[in-house]
Each structure stands twice: as structure tokens, then as C-alpha cells.
Amino acid sequence: MFACFGLLLLVACGDKEELQNVKVGEVTRSIFYAPQYVAISKGFFEEEGLNVELSTIAGGDKTMTALLSDGIDIALVGSETSIYISAQGANDPIKNFAQLTQTDGTFLVSREKIDNFSWDMLNGTTFLGQRKGGMPQMTGEFVLKKHGIDPHADLELIQNIDFANISTAFASGTGDFVQLFEPTASVFEKEGVGHIVASFGTESGHLPYTVFMAKDSYMKENSEVIEKFTRAIKKAQDFVYESSAEDVAEAIQPFFEDTDVELIATVVERYKSQESFAKDPILDEAEWNNLQDIMEEAGELPKRMDYKELVDTSFAEKVSE
């Protein structure tokens with residue numbers, strides 16, 4: 001009996017050793033990225049023979065630096081970063097290969113409760129926006145302009161506060177409206193600090209907001225890894241949409257130990273209801289063009305980039321068949 005147990009242990013250890021390590025860097029830790037954590041916690045990566053080493057690297061620029069210097073193999077970050085890198089003339093292009101989120105993830109939060117909100121209510125108010133040049137801010141300005149509001153003339157726009165301090169600034173009395181990610185928006189609503197009145201994700205349409213990307217050379221040398229990785233993400237995306245928000249919350253709870261599981265479920269349901277989580281990993285051309293339109297409107301697009309040059313959907317299409 002003990003001999004059998006020892007044999008089983010050796011087999012189990014051997015299987016573990018056969019897993020191929022993949023270093024992934026995420027731009028931040030967020031419930032917005034729920035399918036990624038599901039893929040880890042439910043063992044979908046391991047089923048594909050991969051051992052994902054996940055690290056959080058604050059900021060898109062630092063995440064891309066880690067990718068370019070081989071500190072990580074795959075980056076989870078906004079597609080705009082691949083455009084910035086390409087515009088600088090990179091010899092080894094960054095390719096977007098699997099989409100994780102397909103809308104902006106921020107919400108408009110009002111200090112006062114508003115029963116019948118309309119966007120023109122922002123005229124003449126103080127709006128606490130996101131960092132200039134970042135995707136949340138570009139999307140925010142795009143939506144305001146869509147509703148006939150000039151963010152630099154029709155309201156007082158504050159965008160010089162660090163990302164980590166925006167919620168604190170609003171809670172301490174700065175601004176009539178603020179653009180916030182979850183779970184902060186729901187926490188503020190629960191505590192009466194503010195009230196969610198609109199979704200920037202719903203208003204701005206589908207775009208490659210957060211995508212897995214890698215250097216072209218890595219993808220060519222490790223095509224099997226990329227395919228297995230993408231298949232695990234597709235399994236996780238299916239799980240998120242086929243399961244209850246409560247089941248998804250329980251699956252990703254270990255990644256958010258300081259957040260109540262009920263709050264996680266609330267956030268997951270909010271993102272699911274507006275289809276912020278991509279339903280498959282395919283980044284289509286219409287989404288790519290919408291992203292560049294938003295960047296161009298904000299004056300942050302260095303030049304328009306060909307979809308086929310920076311996007312590789314072959315793996316995503318294969319696992320989505």
C-alpha cells in the first residue's frame with residue numbers, strides 16, 4: 001500500500017514538473033479581470049499544461065517595459081500600449097492575441113442621488129476624471145463629447161490626481177462627479193459617499209480595453225504555449241457567463257482577500273450585465289478601430305496602426321471554434 005502511495009506521489013510530482021512556466025504581468029489587480037483569475041483558480045491553465053506565474057506591475061509603461069525586457073512572457077494591459085510601442089519603431093512588434101475585457105470598466109458616480117440622470121447635468125460642475133493620456137480618461141472625454149459636453153470648457157475638469165488617490169479625493173469632498181472603477185464605485189454607493197448614475201463602458205461601445213499580448217518573437221517560438229494559454233482563457237470566459245455571479249466571486253475570492261465575497265459578486269454581476277468581460281478572446285477589427293477613434297479624439301493617437309500588424313486572432317479563433 002505504501003509503495004503504491006509513493007508511486008502515486010512520484011507520478012503527481014512528475015506531472016507538476018511537466019507544466020511549462022509562463023510569466024504573466026497584469027497592469028493592476030482588478031475584479032474587472034475576473035476571467036483571468038478564474039482560469040487560475042479553476043485549474044484551466046494546468047489542464048493545458050501551463051503553470052502561470054502572475055505578477056502585478058502597476059502602470060502600463062512599467063508592464064510594457066517588463067515585457068520588452070523579457071521580465072514577463074505575456075502582458076495583460078490595454079491595447080493602446082501596443083500602439084504606443086509600435087509608433088516608437090519597435091524591432092520586435094507586440095501582438096495582441098487574446099482579449100479579456102471589451103468595454104471600459106469605469107462608472108460615473110455622483111455625489112448627490114439623482115433619480116433621472118441626463119449627461120447635460122454635468123455642465124457647470126466639477127468633474128474628477130482619470131489621469132491624462134490613460135485609457136479611462138480618453139474614454140471619459142469621448143463619452144462626454146458624444147453627449148455634447150466639452151470637457152475642457154463646459155465643466156471644471158480635474159485630472160492631475162494620481163490614480164490611487166482619486167477615490168480618496170472624492171470621498172474627502174473634491175468634485176461633484178467622479179469617474180471610478182469597481183469595486184470602489186459600489187463601495188461608495190453602499191456607504192452613501194456617492195451614487196452610480198451611468199456606465200462609461202456602456203456609452204463608449206466595444207473596444208479592446210484589456211488584452212493579453214506578447215512579443216512577436218515569443219509567439220513564434222512558443223506558438224503551442226500561446227494556443228494553450230488562449231484556450232484556458234476561453235474556458236474561463238465560458239465559466240464566467242455560464243455561472244452565477246456568486247460562483248464566480250467564490251472562485252476569485254483568493255485574489256481579493258480584503259474584499260467581501262458579496263461585494264465581489266455585485267461587481268461581477270454589474271460587469272456581466274453590460275458584457276464588459278469578453279465572451280471570447282477574439283479582438284475584431286471594429287473594436288480596434290473604435291479604440292483608435294477614441295485615442296484620436298483625445299489627441300493621444302501617434303498614428304493609425306494597421307489591425308493586421310498588431311493583432312493576431314489565429315489562436316483565439318482556433319479555440320473559439
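Helix 6 (135-146) of this predicted model is largely enclosed by the rest of the structure, because nine of its 12 residues are buried (under 20% relative accessible area with a 1.4 Å probe and protein chains only; exposed is over 50%, and partly exposed lies in between). Helices (H or I, at least four residues) and strands (E, at least two) are DSSP runs numbered from the N terminus. Residues are numbered from 1 along each chain as its sequence is written. The model is predicted, so that local features need pLDDT of at least 70 and side-chain atom pairs count only at pLDDT 80 or more, whereas totals for chains, interfaces and linings use all residues; side-chain values use heavy atoms, with hydrogens and water left out.

The buried residues of helix 6 are M135, P136, Q137, M138, T139, G140, E141, V143 and L144. At 1.5 Å a residue, the 12 residues of this helix should span 16 Å, which agrees with the 16 Å between its end C-alpha atoms; the expected span is 1.5 Å times one less than the number of residues. Within helix 6, Q137 is buried at a relative accessible area of 2%. With neighbours within four places in sequence left aside, Q137 is in contact (heavy atoms within 4.5 Å) with G129, Q130, R131, K132, L157, Q159 and Q179. Just after the helix, G148 adopts a positive phi of about 75°.

Helix 6 also contributes to the lining of the largest pocket, as do helix 4 (60-68), helix 5 (80-87), helix 7 (166-171) and strand 8 (177-181), each giving two or more residues. On a 1 Å grid over the protein atoms alone, a pocket is an open set of points where a 1.4 Å probe fits, with protein on both sides within 12 Å along at least five of seven lines, and lining residues have an atom within 4 Å of a point. The volume of the largest pocket is about 1100 Å³, taken as the space filled by probe spheres set on the points, which are joined across faces, edges and corners. Its lining comprises 41 residues, of which V27, T28, G59, P136 and F163 are the closest to the centre. Helix 4 supplies the largest share, five residues. By class, the lining holds 20 nonpolar, 16 polar and five charged residues (nonpolar: Ala, Val, Leu, Ile, Met, Phe, Trp, Tyr, Cys and Pro; charged: Asp, Glu, Lys and Arg; polar: the others, Gly among them).

Beyond four places in sequence, F229 touches V24, F45, L50, V52, I74, F97 and F212.

Most residues other than glycine have a negative phi, and most peptide bonds are trans. A positive phi near 70° is found at D70, in the loop between helix 4 and strand 3 (74-77); D70 is partly exposed, at 48% relative accessibility. E275 likewise has a positive phi, near 55°, and lies in the loop between helix 13 (261-273) and helix 14 (285-297). With 30% relative accessibility, E275 is partly exposed. The peptide bond from E182 to P183 is cis, with omega near 5°, and P183 belongs to the loop between strand 8 and helix 8 (184-191).
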